[in-house]
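Reader: Before I set up any calculation, I would like to go through this model with you, one question at a time.

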Amino acid sequence: MAEDVVCDNCGAKNTTGSNFCNACGFELTADEPTTTTNILGVGADTAGNTGPGQLVVTRGALAGARYDVSADETTLGRHPDSDIFLDDVTVSRRHARIIASSAGKTIEDVGSLNGTYVDGERVESTTLREGAQIQIGKYRLVFVIGSEG
């Protein structure tokens with residue numbers, strides 16, 4: 001019988017082979033260290049974030065959904081016109097945006113009530129790194145570089 005994997009963040013038990021905690025969305029550590037992220041089947045370079053980029057929903061009603069963030073600006077929120085529509089009262093209508101530049105992708109909170117969190121820290125604006133854990137309301141998303149292949 002397979003052993004459970006315990007989340008280092010919240011202590012929840014997860015099935016063997018899980019990449020993210022089913023309770024808090026935290027990235028689960030593997031027995032052996034890895035140098036690439038394989039959420040999308042892409043061995044992405046983890047040195048920067050200048051690739052096209054996607055957000056993968058790991059927790060919330062849209063778990064498993066993937067969203068392209070290669071545009072100059074990608075909006076996230078509860079407003080139906082948002083590029084990434086997160087339909088829950090814990091998400092502000094206009095919650096956050098991801099801005100692309102030659103230096104990489106930056107996520108900015110745009111005055112949300114509940115805040116935007118990256119790797120457990122509330123942020124106003126921060127550059128995203130490969131594997132960054134984003135929390136917007138009840139949703140957990142992971143930033144990955146590359147495209148589906």
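**Reading the predicted model**

Author: As a starting point for this predicted model, the accessible surface of the protein chain comes to about 8200 Å², and carbon and sulfur atoms hold 46% of that surface.

Reader: What share of the residues of the protein chain counts as buried?

Author: The criterion here is a relative accessible area under 20%. Applied to the 149 residues of the protein chain, that criterion gives a buried share of 42%.

Reader: How many helices and how many strands does the protein chain have?

Author: Read from the N terminus on, the elements of the protein chain run β-β-β-β-β-β-β-β-β-β-β-β-β. The count is therefore, with strands taken as DSSP runs of at least two residues, zero helices and 13 strands.

Reader: Which residue takes a positive phi in the hairpin of β12 and β13?

Author: Strand β12 (residues 133–136) is joined by three bridges to β9 (residues 116–118), which runs antiparallel to β12, with V118 standing opposite I134. The strand β12 also pairs in the antiparallel sense with β13 (residues 139–144), over four bridges, and there Q135 stands opposite R140. The hairpin has two residues between the strands β12 and β13, and the residue with a positive phi near 60° is G137.

Reader: Which element gives the most to the largest nonpolar core?

Author: That core has 21 residues, and those with the most contacts inside it are L55, L128, I134 and F143. The elements that give two or more residues to this core are β3 (54–59), β7, β12 and β13. With three residues, the element that gives the most is β13.

Reader: Which residues is I134 in contact with, leaving aside its neighbours within four places in sequence?

Author: I134 is one of the residues with the most contacts inside the largest nonpolar core, and in soluble globular proteins nonpolar side chains tend to be buried together. Once its neighbours within four places in sequence are left aside, the contacts of I134 are L55, I107, Y117, V118, L128, Y139, R140, L141 and F143.

Reader: Is H79 buried or exposed, and with which side chain does the side chain of H79 make a polar contact?

Author: H79 lies in the loop between β5 and β6. Its relative accessible area is 19%, so H79 counts as buried, the cut-off being under 20%. Beyond four places in sequence, H79 is in contact with F85, R93 and R94. H79 is thus buried, and the polar contact of its side chain, at 3.4 Å, is with the side chain of R94.

Definitions and conventions:
Residues numbered from 1 in each chain as written. Predicted model: local features only at pLDDT ≥ 70, side-chain atom pairs only at ≥ 80, totals over all residues. Heavy atoms only, no water. Buried < 20%, exposed > 50% of the residue type's maximum accessible area, 1.4 Å probe, protein only. Areas by Shrake-Rupley, 256 points an atom, 1.4 Å probe, with all protein chains shown as cover. Pairing = 2+ DSSP bridges. Polar contact = N/O pair within 3.5 Å; in protein donor to acceptor, adjacent residues only side chain to side chain. Contact = heavy atoms within 4.5 Å. Core = buried A, V, L, I, M, F, W, Y, C linked by side-chain atoms within 4.5 Å.
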